[in-house]
Structures are given as structure tokens and as C-alpha cells.
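Me: I'd like to go through this one by asking what stands behind each label. Ready when you are.

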Amino acid sequence: MTHLFKTSLWLGALFIMLLGTGRDLFANGSDSFINFKPGTREIKGKYTVYDLPRDYATPHCVASDHQGNIWITEVGANRIAKFDPERKIFTEYLVPTPDAQPHGITVDKDGIVWFTEIGKDKIGRIDPKTEKITEYPIPVSEKRPPGGTGGIHTPMMGKDGYLYATNTFLSSIFKLDPKTGQTWEFPVPTKKSNPYGIQVDFEGNVWAAEYRSEHLAKLDTKTGKVTEYKTPTPKSGPRRLTIDPQGLIWFAEWEAHKIGYINPKTLEMKEFTPPSHPQTGTYALASDGAGILYVAEFISNQVSRFEPKTGKWTEWPMPLRRSRVRNIVVDPKGYVWYADNGNSKLVRLE
């Protein structure tokens with residue numbers, strides 16, 4: 001073996017070590033499946049509030065992209081907004097379908113933005129480079145009552161290249177082939193359980209929180225089989241999900257006012273109780289790159305920080321009253337973001 005060849009092998013191994021494993025890249029914030037590892041920083045409770053371009057925006061969900069831009073669904077304005085934190089600039093994109101009610105949002109590994117149109121049963125796609133919006137009709141409109149609200153709720157790109165979303169109306173997990181537009185529905189065992197939040201684990205399985213029940217559902221994407229797992233607390237109302245660097249799937253329990261996790265490998269479950277219990281309203285949560293959890297407390301109007309290793313909780317009251325925070329994420333630099341649904345603001349916590 002030549003010296004040059006040995007050197008090349010060593011450099012290649014070093015590059016892989018520096019790059020990290022694929023598993024590291026899949027740690028992410030709530031409602032996103034982005035191939036970056038969220039940052040870690042010492043959050044001290046300082047809030048910065050940004051005015052959205054329209055006071056009637058009624059933002060619902062947020063997602064960070066690879067560059068740290070924050071993408072927001074504006075339900076009231078029928079738009080998707082992008083915020084550049086460096087330049088403090090908002091850019092808005094009008095959804096082609098009127099009254100689409102953009103709801104959940106995610107960014108895939110290629111930087112493509114995906115969002116759900118809960119009002120019109122469609123999936124939207126934005127290519128940030130061309131700013132082109134593509135919409136995919138979802139064949140469920142004929143199954144819902146006339147004038148009823150839609151069911152396509154929260155999206156996430158799978159490891160297999162298919163887009164997955166929860167369908168609250170049909171109590172199912174939805175699958176879309178972005179290349180052909182073909183769709184599939186995978187019903188969860190418990191009827192009328194309203195699958196809500198969604199998360200992809202390190203093995204590529206898709207998890208959903210069944211909000212009107214006490215179950216988490218797992219879709220085996222290879223076999224199409226859906227299996228349910230009961231939370232330790234009955235009638236807990238799990239709402240949104242996230243994943244930490246260890247691969248644990250964390251869930252916010254709306255009715256139980258707690259958070260918990262399930263280990264996808266061992267199926268071990270454990271719950272934790274915030275100091276504001278029983279008036280917390282744990283709605284959403286997100287993990288940073290070190291496994292620290294940030295929790296949106298809807299009822300107590302706070303953001304809490306939970307350290308699983310020590311069990312320590314820290315709570316910070318939100319700067320505005322009646323914020324109604326439905327989603328929270330950690331960006332690549334470790335900043336925590338949420339959309340203030342009640343006041344049409346975007347907020348950063350540091």
C-alpha cells in the first residue's frame with residue numbers, strides 16, 4: 001500500500017468522523033425533518049418579538065431551514081412567510097388556492113418547503129430557489145361533510161423520499177409520492193382519535209400522536225402496518241412530537257399536562273411533570289442538539305426548558321398575553337422559535 005493511498009484513506013475516515021453519522025443529522029425540532037443537527041446554546045429567557053407583515057396573519061406553525069431562516073404558515077393571511085434572522089426581513093408567498101388555511105410546515109433535506117392546506121385538502125410545496133409553489137390535491141374532500149374543516153394536518157418528509165402527514169378527519173397517516181402525486185392512507189386502529197403531530201424515527205418509521213386518545217401510533221413504512229402504544233397516563237391527549245439525539249420520541253400530553261418519551265427500540269415509556277401542572281397545556285416541544293427539551297405551555301402561557309439528565313425545569317412567562325403557541329422549534333444555532341398565534345407575532349427565545 002503506497003503512502004499516498006494510506007493518506008487518502010486516513011483523510012477519508014477523518015472526513016466521515018467530522019461529518020458525523022446519519023443518525024446525528026436526524027435530531028430535529030417539532031414539525032420538521034431537516035438534515036441538520038439543531039444547535040445548543042445557553043438559553044437565558046430573553047425574548048425578541050418580531051411583527052409579522054400582516055396583523056391578521058394568525059401564524060400557526062414554524063420550521064427552520066438549513067440556513068436558519070424561519071418558515072411560518074399564516075392561516076389568516078393564506079400565505080407562507082419566510083423570516084431571515086440576519087437581515088430581519090420577511091418574505092411572503094401567497095398560496096394559490098383561496099382560503100387554503102396553511103397549517104403544518106416542514107423543510108426537507110434539499111431545502112424544499114412543504115406545508116399542509118387544512119382548509120382545502122392539499123399539500124403545498126415551495127422551491128425557495130425558484131419561489132414556485134406546487135399543490136397536490138388530497139382525495140378526501142368527498143368524505144367530509146360539506147363546509148367541514150379539512151383533515152390534512154402536520155407534514156414531515158420520510159427517510160424514503162415520501163411525504164407523510166397526519167389526517168385528523170380520517171384518523172389516518174397519509175403518504176404522498178412527490179414524483180407522481182400518488183397517495184396512500186394508513187388508518188390508525190383507534191377510530192376518531194385525531195392523529196395530530198408527526199415524527200420520523202432514525203429507522204424511518206413514522207410516529208403520530210393521537211390527540212383524542214391516549215395512544216401513539218407507529219407506521220412501519222416497509223410493511224404498511226400501524227401499531228398503537230398507550231401512554232402511561234390514561235386519556236393523556238398527546239398532541240405534538242419531537243426526537244432527541246438518542247432517538248427517543250418525545251410527546252406533549254395536552255390533557256395530562258405532562259411530557260413523555262417512548263424509546264422506539266425498547267418501547268419503554270416515561271413521563272415528566274412540569275412545575276405548572278395541572279394548568280400547563282403542554283402543546284408542543286422540541287429538542288436541541290444536546291437533548292434539552294423546550295416546551296410550549298399553551299395554558300400557562302410559558303416556555304419551559306427541561307433537562308432529562310437532571311430532571312431540572314426552568315419556566316419563562318411569554319412576553320405577550322394569550323399567545324396560543326401551537327408549535328416550537330430549535331434552529332441550527334440553538335435559538336428557540338415559536339409563532340404567536342394569538343398576537344400574530346414571531347418570537348425568538350435566547
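This is a predicted model: local features need pLDDT of at least 70, side-chain atom pairs count only at pLDDT 80 or more; totals for chains, interfaces and linings use all residues.

Me: What makes E10 and E11 a pair?

Reply: Pairing takes at least two bridges. Strand E10 (residues 152–157) and E11 are joined by four bridges and run antiparallel, so they qualify as a pair. The two form a hairpin with five residues between them, and Gly161 in the turn has a positive phi of about 90°.

Me: And what is on the E12 side of E11?

Reply: Five bridges join E11 to strand E12 (residues 172–176), again antiparallel. Tyr164 has Lys175 as its bridge partner in E12. Four residues lie between the strands of this hairpin, and Ser171 takes a positive phi near 50°.

Me: Why is E11 called largely enclosed?

Reply: Because five of the five residues of strand E11 (residues 163–167) are buried. Leu163, Ala165 and Asn167 point one way, Tyr164 and Thr166 the other way, and all are buried.

Me: Why is Arg348 called buried?

Reply: Because its relative accessible area is 14%, and the limit is under 20%. Arg348 lies in strand E28 (residues 345–349). Leaving aside neighbours within four places in sequence, its contacts are Lys46, Tyr47, Thr48, Tyr50, Tyr335, Val336 and Trp337.

Me: What makes the link between Arg348 and Glu350 a polar contact?

Reply: The N or O atoms must lie within 3.5 Å. The side chains of Arg348 and Glu350 are joined at 2.8 Å, so the distance passes.

**Rings and charges**

Me: Why is the pair of Tyr50 and Phe83 called tilted?

Reply: A pair of aromatic rings is described by the distance of the centres and the angle of the planes. The search of the whole structure finds 20 aromatic pairs. For Tyr50 and Phe83, the centres are 4.7 Å apart and the planes make an angle of 45°. Ring centres have to lie within 6.5 Å to pair; under 30 degrees would be stacked and over 60 edge-to-face, so 45° is tilted. Tyr50 is in strand E1 (residues 47–51) and Phe83 in strand E4 (residues 79–84), so the pair ties together parts that are 33 residues apart in sequence. Both Tyr50 and Phe83 are buried.

Me: Which residues do ring pairs link into a cluster?

Reply: Tyr196, Tyr211, Trp254, Tyr283 and Phe298.

Me: How do you know that the charged end of Arg41 sits over the ring of Tyr335?

Reply: The distance limit is within 6 Å of the ring centre, and the charge must also be within 35 degrees of the ring normal. Arg41 is 3.9 Å from the centre of the Tyr335 ring and is listed as sitting over it. Likewise, Lys175 lies over the face of Trp184, at 4.8 Å from the ring centre.

Me: What makes E22 and E25 edge strands?

Reply: Their sheet is open, with four strands in the order E22-E23-E24-E25 and antiparallel pairing. Strand E22 (282–287) and strand E25 (312–317) each have a single partner strand, so one side of each is left without a neighbour in the sheet. The twist averages 20° from one strand to the next. Five bridges join E22 to strand E23 (residues 293–297), and Ala286 has Tyr294 as its bridge partner there.

Note on methods: Residues are numbered from 1 along each chain as its sequence is written. Side-chain values use heavy atoms; hydrogens and water are left out. Axes are lines fitted to C-alpha atoms, for helices over the stretch in contact, and angles run from 0 to 180 degrees between N-to-C directions. Rings of Phe, Tyr and Trp (its six-membered ring) pair if their centres lie within 6.5 Å; planes under 30 degrees apart count as stacked, over 60 as edge-to-face and the rest as tilted. Buried means under 20% relative accessible area, exposed over 50%, partly exposed in between (1.4 Å probe, protein chains only). A polar contact is a pair of N or O atoms within 3.5 Å; within protein, one must be able to donate a hydrogen and the other to accept it, and residues adjacent in sequence count only if both atoms are side-chain atoms. Contact means heavy atoms within 4.5 Å.
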